[in-house]
2 protein chains.
Amino acid sequence: MITRVPLRDEVYRQVLDRIQRGRYPDGSRLQDTALASELGVSRTPVREALIRLAREGVLDSSMGRGFRVRELDPVELREVGVILGGLEALALRLSSGRAASQLDRLAEIDHRLERTRGDADACLDLEDEWHRVLLDACPNRRLLDLIASLRQVPRRYLAAYMREAGRLSLSTLPHARIIAALREGGHDSAAAVFEQQWRKGLAELEDWTSRRSAKPR
Amino acid sequence: MITRVPLRDEVYRQVLDRIQRGRYPDGSRLQDTALASELGVSRTPVREALIRLAREGVLDSSMGRGFRVRELDPVELREVGVILGGLEALALRLSSGRAASQLDRLAEIDHRLERTRGDADACLDLEDEWHRVLLDACPNRRLLDLIASLRQVPRRYLAAYMREAGRLSLSTLPHARIIAALREGGHDSAAAVFEQQWRKGLAELEDWTSRRSAKPR
DNA sequence: TTGGAGCATAATGTATACAGAATCCCGGAT
DNA sequence: ATCCGGGATTCTGTATACATTATGCTCCAA
């Protein structure tokens, strides 16, 4: 099956990737004309991608003033974090039949995660993949899409955290706890642990973020 | 404070409104060029609005084949319904300080709701407003935005239900139950009732939808 | 020196132009 | 009559053009 994909989607992924990798610092302007020539396409698909990113909260946009990378804001992190905690736990509860191979795949990702010391991007990619695999059995595609879209937000904060705070890799401890709950108590208990871990991680990130904004730069 | 608003936002609201009012039947094509001339703007803002509607699930779009109004699909309704039930209950739990006037406003909306017999659109508008007022105290703006965006989906099903099933108005019974729980048990118990009412409403709508798709048209 | 008015420049939002793909229509073959 | 193929036409996706608004700089005045 061949599928043509709109340019705007490709541009979207490119730009999002660059933002997540820190190529465009917070608050910096993203000019459609510059991006267009840089990516070798016209302004139209670039603008469509930027509009989407703005709707998803990655960019700010005010009429006539273009787009800029949204500054990290503890409030935003908390707001999205609370939503994501609820949604991912919900997705876990909805995952009825869980393949036995799933636990193996999760463990394997954790294994890779532990030896990516230093590479923040690879680390975050694996973190994303871990969540994808964990929720893979959830039949609610719409929910999974929504989660994937929202996860971009904490990802940016994690990336900044790892870059600036010197923390070299994500702890796999929360993963282990969730897997244990999954193995022993099933999805419901895992969902509870999940929410609890989310709260802990949020608190840690938030603590760092507020200290960071206290002494800017 | 004067605010200029992009044309795409205005077009978005117009088109969404028309879809919700049943002006474009399910499955019908929406041609950007036709809409553009009809609305007196160019294709560009129209296409931006259509792309957004497609991302929100109101429209289908496949590369090179334009946009069409998504057919009502019981699966979609259930998927979004489950998400919305969780999110609205969450928003209710997060609403800490509740103004005393809120209950009055809710009762007043219900009052108006009971005398809109026949006008499906007014009825749905009031239903939306009821939910907005109920969740108004939730400080998580991001969550409220998400809820507002997702509510478009069940709204379409409700509109079709009211038009085709002959049910003239929404029952205000669920509202009464939720308000009672809110008054007596606070937000947490209201959230529980909320989720329960969501499940009931979903089941009813789903039942109708599946019977409807069984005998198409 | 600083603050602001006015102009030049650049960038955004919107409109239009263009190329290629999808759809439709019709004629011919089976 | 029905199914298939080819060509015309419509429409989409992308590129480019245009007009208006924001921005930045210069020069003048307080």
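## Reading the fold and its contacts

Tutor: Start with the elements. Chain A has nine helices and three strands. Keep in mind that this is a predicted model.

Student: How do I read the overall dimensions? What radius of gyration does chain A have, and what would a compact globule have?

Tutor: Compare the two values. A compact globule of 217 residues would have a radius of gyration near 17 Å. Chain A has 18 Å, which agrees. For the extents, take the principal axes. Along them, the C-alpha atoms of chain A fill a box of roughly 55 × 50 × 30 Å.

Student: What percentage of chain A counts as buried?

Tutor: Of its 217 residues, 35% count as buried.

Student: And what do the contacts say about sequence separation in chain A?

Tutor: Take contacts between residues at least 6 apart in sequence. In chain A, 73% of these join residues at least 24 apart.

Student: Next, the sheets. In what order do the strands of chain A lie?

Tutor: The order is 1-3-2, in an open sheet of three strands with antiparallel pairing. Strand 1 (29-30) and strand 2 (59-61) of chain A stand at the edges. Each has a single partner strand, so one side of each is left without a neighbour in the sheet.

Student: How many bridges join strand 1 of chain A to strand 3?

Tutor: Two bridges join strand 1 of chain A to strand 3 (residues 67-69), and these strands run antiparallel. For one bridge, look at A:Arg29: its partner in strand 3 of chain A is A:Arg68.

Student: What does the sheet of chain B look like?

Tutor: Chain B has three strands in an open sheet, order 1-3-2, with antiparallel pairing. Strand 1 (29-30) and strand 2 (59-61) of chain B are the edge strands, each pairing on one side only. Two bridges link strand 1 of chain B to strand 3 (residues 67-69) of chain B. B:Leu30 stands opposite B:Phe67, which is in strand 3 of chain B.

Student: Which strands does helix 3 of chain B lie across?

Tutor: Helix 3 of chain B lies across strand 1, strand 2 and strand 3 of chain B. Its direction is at about 105° to strand 2 of chain B.

Student: Now the DNA. Which residues come nearest to DNA strand D?

Tutor: There are 18 residues around DNA strand D. A:Leu7, A:Ser42, A:Thr44, B:Gln31 and B:Gly66 come nearest. Then look for the elements behind the surface. Helix 1 (7-20) and helix 3 (43-55) of chain A, with helix 2 (32-39) of chain B, each supply at least two residues. Helix 3 of chain A gives the most, three residues. By class, the surface near DNA strand D has five nonpolar, eight polar and five charged residues.

Student: Which residues come nearest to DNA strand C?

Tutor: Of the 18 residues around DNA strand C, the nearest are A:Gln31, A:Gly66, B:Leu7, B:Ser42 and B:Gly64. Helix 2 (32-39) of chain A gives two or more residues to this surface, as do helix 1 (7-20) and helix 3 of chain B. Helix 3 of chain B gives the most, with three residues. The classes near DNA strand C are five nonpolar, eight polar and five charged residues.

Student: Let me try single residues. Is A:Arg13 buried or exposed?

Tutor: Count its neighbours. A:Arg13 has 12 C-beta neighbours inside 10 Å, so it counts as exposed. A:Arg13 lies in helix 1 of chain A. A:Arg13 and A:Ala49 are 36 residues apart along the chain, with their C-alpha atoms separated by 8.5 Å.

Student: Where does B:Thr172 lie?

Tutor: B:Thr172 is in the loop between helix 8 (152-164) and helix 9 (173-214) of chain B. It counts as partly exposed because it has 18 C-beta neighbours inside 10 Å. Leaving out residues up to four places away in sequence, B:Thr172 touches B:Asp110, B:Leu113 and B:Glu114. B:Leu113 is 59 residues from B:Thr172 in sequence, and 7.7 Å away in space, C-alpha to C-alpha.

Technical notes: Residues numbered from 1 in each chain as written. Chains lettered and ligands numbered in written order. Predicted model: local features only at pLDDT ≥ 70, side-chain atom pairs only at ≥ 80, totals over all residues. Helix = DSSP H or I, 4+ residues; strand = E, 2+ residues; numbered from the N terminus. Rg over C-alpha atoms; globule rule 2.2 N^0.38 Å. Buried ≥ 20, exposed ≤ 12 C-beta atoms within 10 Å, placed from the backbone. Contact = placed C-beta atoms within 7 Å. Near = placed C-beta within 6 Å. Nonpolar A, V, L, I, M, F, W, Y, C, P; charged D, E, K, R; others polar. Pairing = 2+ DSSP bridges. Axes fitted to C-alpha atoms, helices over the stretch in contact; angles between N-to-C directions.
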